Protein chains: 2
Amino acid sequence: MTDTALVLDSAAQDLLFREARTANTFTDEPVTDEQIQAIYELVKYAPTAFNQQALRVVLVRSAEARERLVAHMADGNKAKTLAAPLVAVLAADNEFHRELPAQFPAFPQAKDVFFSERAAREGSARLNGAIQVGYFVIGVRAAGLAAGPMTGFDAEGINKEFFSDGEHSVLAVVNIGKPGADAWYPRGPRLAYDEVVTTV
Amino acid sequence: MTDTALVLDSAAQDLLFREARTANTFTDEPVTDEQIQAIYELVKYAPTAFNQQALRVVLVRSAEARERLVAHMADGNKAKTLAAPLVAVLAADNEFHRELPAQFPAFPQAKDVFFSERAAREGSARLNGAIQVGYFVIGVRAAGLAAGPMTGFDAEGINKEFFSDGEHSVLAVVNIGKPGADAWYPRGPRLAYDEVVTTV
C-alpha cells in the first residue's frame, strides 16, 4: 500500500517503515564500519534543540566487550545480543554543552544560559538523545539492515562499564545485521489514528 | 552526494535528511488532515519498547487554541508558532500501560511487571515517546513538508492547558508547513564521525 499524500517513494516507505521489522535473529554477514559511517553521515543532519548532538555510539566489536555488555542485559535479551553481527550502545553525553558554542554559533551563550545546571543538561541530553535514537534506527534501515533496539538492561551497570567519566547515560542498545531465519515475531497491533491524534 | 553503503535511494536521503531543514518561515499553503494521517499511518510502524505507543499528537487548528499555545511558548518561538500553517503538540501519555496488554500480546503481564509504578511509566513514556518524536519528524519530511520542532516552552503550562487529565507530558511542539521566504538559518556544524562513534 502506498499513500499518495506522501512524497517519499513507495520503496523507501517500505524499506524504512512498512516492511522493516525488529529482527530477533541475524545472518553471519558482518556489519562494516563503512556502513555505520554512512548511517551517521546521513542521520547527523536531522534536527535537535540548539543543534545539540548529545548522542554517542559505542560499537561493541570485540568478544571481550560483547561479554561485558551481555552481562548487563536483561535475561530475555542476552542470547540475541550475543548473536548479533554488531551491537551498538547508544548513550547521551551529559556534557554536550561544552560543544554548544561551536555547534550553535547563533547563540553561543546557550551553554551558560540554559545548561549551567546538571539537571537541565541531563534532561535535554536525554530528550534530544532519544530523538536521535529514533533517527539512528531509521538510518540503520536506510542501510538495508535490521535494527533490534532494546531497553531491557542494567543502565547503571552499562554506564559504569562503558563510560568511565560518569557523564554518559545509556539510552538504548541496538542489535544490527541482516535478518536471519525466523527473525520476526508477528507484528504487534498499532493504535488507530483517532486514538493518537486529536484536533483542537 | 550519495553514499553507496546505503540502500535508500539518493532522492529519499535528500528529502528526509540532507536537504530537509528546520523551517522558520512558512507559506500559507494549508496542511491537511489527510497529510497528517498519511504521516501517522507510516511512522506508526517504527519500533518502541514492548510496542508501547505513548506518543499523542494534538493538532492545534483553531485560532483560539493557537493563542492558548503561543502564550506558553518561549518568546523566541512565539512569532513562528503563530505563523505556521499547522502546529502539533507532541506529548507522552503516561498511562500508556493500560493499552499494553492489547499492544504487546506476547507478554500481557508487562503492564503490571514493569509499569505498575508511575515513575517507571513516566521514564519509559518519555524515552520511547521521544524516539517516536524522531520518527514523526522524519514522517513530516516524507510528506514533503518542513518540520520546525521546538522545546522552548513552559511544559507545565502546556500540560495543564491541553491535557486535563494530568497524565500527559509534552515533549515537543512542531511547526509544520511548506517553507516560506528566508526559511533557513545557515546549517549548523555537525560533529565528526570520530567524535560520536567509538569502537571497543
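## Strands across the chains

Strand 1 of chain A and strand 5 (residues 197-199) of chain B run parallel and are joined by 3 bridges. Two strands pair if DSSP finds at least two bridges between them. Strands (E, at least two residues) and helices (H or I, at least four) are DSSP runs, numbered from the N terminus. Val58(A) stands opposite Thr198(B) in strand 5 of chain B.

This is a predicted model: local features need pLDDT of at least 70, side-chain atom pairs count only at pLDDT 80 or more, and totals for chains, interfaces and linings use all residues. Residues are numbered from 1 along each chain as its sequence is written, chains are lettered from A in the order in which they are written, and side-chain values use heavy atoms, with hydrogens and water left out.

## The interface

Chain A puts 73 residues into the contact, and chain B puts in 73 residues. Contact means heavy atoms within 4.5 Å. The two chains bury about 6,400 Å² between them, 69% of it on carbon and sulfur atoms. Buried area is the accessible area (1.4 Å probe) that two parts lose on being put together, summed over both. Arg190(A), Tyr193(A) and Val200(A) supply 12% of the area that chain A buries against chain B, more than any other three residues.

Between chain A and chain B there are 0 salt bridges. A salt bridge needs a side-chain nitrogen of Lys or Arg within 4 Å of a carboxyl oxygen of Asp or Glu. Helix 2 of chain A gives the most to the side of chain A that touches chain B: 11 residues.

## Helix 1 of chain A

Ala12(A), Gln13(A), Asp14(A), Leu16(A), Phe17(A) and Arg18(A) are buried in helix 1 of chain A. Buried means under 20% relative accessible area, exposed over 50%, partly exposed in between (1.4 Å probe, protein chains only). Their cover includes helix 7 of chain A, together with helix 1 (10-18), helix 2 (33-43) and helix 7 (118-142) of chain B.

## Inside chain B

Strand 3 (residues 146-150) of chain B has 4 of its 5 residues buried, so it is largely enclosed by the rest of the structure. It runs antiparallel to strand 4 (residues 168-177) of chain B, with 5 bridges joining the two. Met150(B) has Val173(B) in strand 4 as its bridge partner.

Asn51(B) lies in the loop between helix 2 and strand 1 (55-60) of chain B. Asn51(B) is buried, at a relative accessible area of 10%. Not counting residues up to four places away in sequence, Asn51(B) touches Gly188(A), Pro189(A), Arg190(A), Gln103(B) and Phe104(B).
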